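Please keep the sequence and the 3D view open while going through them.

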Amino acid sequence: MKGLVYMSYLKEYIANFKKHYLTTKLKRVEFICCLGLNFTLTITQPLSSDETRAYVGQFQGFIAVYLAFRFGIVGMLISLAFSIKDMFFITMGYIETKNYAYLVGLIFTFMTLGWVLIVGIISVRQEKHRREMQRLAITDELTDLFNQRYFHTTLENEIKNSSKCGTSIGLILIDIDNFRMYNDLYGHSYGDTILTTTASILKKIVNKDDTVYRFGGDEFAILMLDKNLETLEKEAKHLYDEYEKLKNEYYNDSLVSKITFSIGLSEYPSISSSKEELISHANMALYQSKNMGDDKVHFYQDIMLQIHKSMKSDEEMVGVFKGLLSTIIAKDKYTFGHCERVSSYAVMIAEAMGLELDEIQTILYAGLLHDIGKIELPKSILNKLGRLTSDEFELIRQHPVNSANILEPLSGINNLIDYVIHHHERYDGKGYPDGIAGEDISLGARILCVADSFDAMISDRPYRKSMSIEEAFQELEKCSGSQFDPKIASLFVKIMRNKMSVKYNYKVDTNTALQKQPALQKV
């Protein structure tokens, strides 16, 4: 029985040695060459002259130190074995001949042995330190799970492998419900307890073939390889059910029954066609499940297909888009508040221009819904603190098109989709997505462009501080004729300057905004 245990330890040690030291073909060749040279020199040494044997001994000493330096404990043990063998034969030679040259060889071998031990110990410590640094680089400090950076690296590699081998990749995203509330009410230490406990439970539930990652502040990700859609959904539901059973064992307070999480999942390549889509689709499914209440596990389904299947009347459409607005709230409160304010500013401009009531109503809808396509974007991009990469910026530039696609069932509302898809066009033709210019851009889109840009300038974002209102006015005036329609920009600045002497509430009541046109209220 003990023999089997020792064999198991030996196999594990050999596997770890291969994993950490024989990582490349070159290192494997290097290791084999060192061993081969040592064995060759050991066999030929007794057949050589005394002078040649001295040179061979020195060369063997160099190889011994090199093995200890390059291959850690295994290299050191191999070198020690050869050194002890040399010491034995040198000692026997001295006993037989009483030749003092053997004593010199013995001293040299002892010195080699000492260098092997010193170099080997230093090498092992350095390798241990390197592995620890590597572990810290890919591990979340709080939960001891793999971190988001390692998640992205792993997912990229798995997608490459999947493309070559024709396998699938399932992504499950988990978000702790109302996590911010626990932090606010009970403190960050309690929030940390929830995160570490959730991580421990997930590690216990998830199979050893699948990997758990800390994906964000209160989000976790699990990659499941080569599982079909049905299996993936079963795994997600099993995960949720097991968490509900096990959480009582891990938490020791009355709040345990209230701690839940929501799950969103997608799969590559049958649902999502790229890494970005896989993350985005799982994110969308996650936030749809958070808004559904009872059903806490949700597979990504194309929003347009859902809308086309469910829409039977304008009233139902309005209900769905209220739900989509609440999805934005759950995912990015800045975007939702921004949409409210843009709608208010846009209505204010439209009223000042004397537009018809139906047109003002359309502009109100367009303002509220112009950024709805951002629900397709990962939370990590929406809330990124640093500069966006070129790929991330391209995803951001797609949000007007995403918005227009989502709003397709409302194409019966005159010009709504046109206003939404073109609200990032510039008056000089350098905007996106179509690069149209001047009055070829619809009036509603030109109004939204001014309102949208003004609110963005005076709002704090994770990556920059806001401008003052006066600085934003100056920017609108500076960019009139290039980015903005000069007449609309000038009119908006004039309206705002007139109103700044009176306090106004520019917040749209979203409970009624999609049903009737709200008037701006004095306070």
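**Notes on the predicted model**

1. Ser-280 counts as buried, because its relative accessibility is 7% and buried means under 20% relative accessible area. The model is a predicted one, and in it Ser-280 is found in helix H9, which covers residues 275–292. Leaving aside residues up to four places away in sequence, Ser-280 touches Glu-376, Leu-377 and Pro-378.

2. For the protein as a whole, there are 21 helices and 7 strands, and 45% of the 523 residues count as buried. Among contacts with a separation of 6 or more, 66% are between residues 24 or more positions apart.

3. Helix H8 (residues 229–250) has 22 residues, which at 1.5 Å a residue should span 32 Å, and the 31 Å between its end C-alpha atoms agrees with this.

4. Which residues of H8 are buried? They are Leu-232, Glu-235, Ala-236, Leu-239, Tyr-240, Tyr-243, Leu-246 and Lys-247. The partners against which the buried residues of H8 pack are strands E1 (169–176), E3 (219–225), E4 (261–268) and E5 (297–299), together with helix H7 (188–205).

5. Two kinds of backbone feature deserve a look, given that most residues other than glycine have a negative phi, and most peptide bonds are trans. The peptide bond from Tyr-268 to Pro-269 is cis, with omega near 10 degrees, and Pro-269 lies in the loop between E4 and H9. The bond from Tyr-432 to Pro-433 is likewise cis, with omega near 10 degrees; here the proline, Pro-433, belongs to the loop between helix H17 (416–421) and helix H18 (443–457).

6. Positive phi values are found at Asp-144, where phi is near 65 degrees, and at Asn-178, where phi is near 55 degrees. Asp-144 sits in the loop between helix H4 (100–138) and helix H5 (148–165), and Asp-144 is partly exposed, with a relative accessible area of 46%. Asn-178, for its part, lies in the loop between E1 and helix H6 (179–186).

7. How many cavities of 30 Å³ or more does a search of the whole structure find? The search finds 2, and the largest cavity holds about 40 Å³ of space. The lining of the largest cavity consists of Glu-425, Arg-426, Tyr-427, Ile-441, Arg-446, Cys-449, Gln-483, Phe-484 and Asp-485, which divide into 4 nonpolar, 1 polar and 4 charged residues.

Conventions: Residues are numbered from 1 along each chain as its sequence is written. This is a predicted model: local features need pLDDT of at least 70, side-chain atom pairs count only at pLDDT 80 or more; totals for chains, interfaces and linings use all residues. Side-chain values use heavy atoms; hydrogens and water are left out. On a 1 Å grid over the protein atoms alone, a cavity is a set of points where a 1.4 Å probe fits but cannot get out, and a pocket is an open set with protein on both sides within 12 Å along at least five of seven lines; lining residues have an atom within 4 Å of a point. Grid points are joined across faces, edges and corners, and a volume is the space filled by probe spheres set on the points. Ala, Val, Leu, Ile, Met, Phe, Trp, Tyr, Cys and Pro count as nonpolar, Asp, Glu, Lys and Arg as charged, and the others, Gly among them, as polar. Helices (H or I, at least four residues) and strands (E, at least two) are DSSP runs, numbered from the N terminus. The expected span of a helix is 1.5 Å times one less than its number of residues. Buried means under 20% relative accessible area, exposed over 50%, partly exposed in between (1.4 Å probe, protein chains only). Contact means heavy atoms within 4.5 Å.
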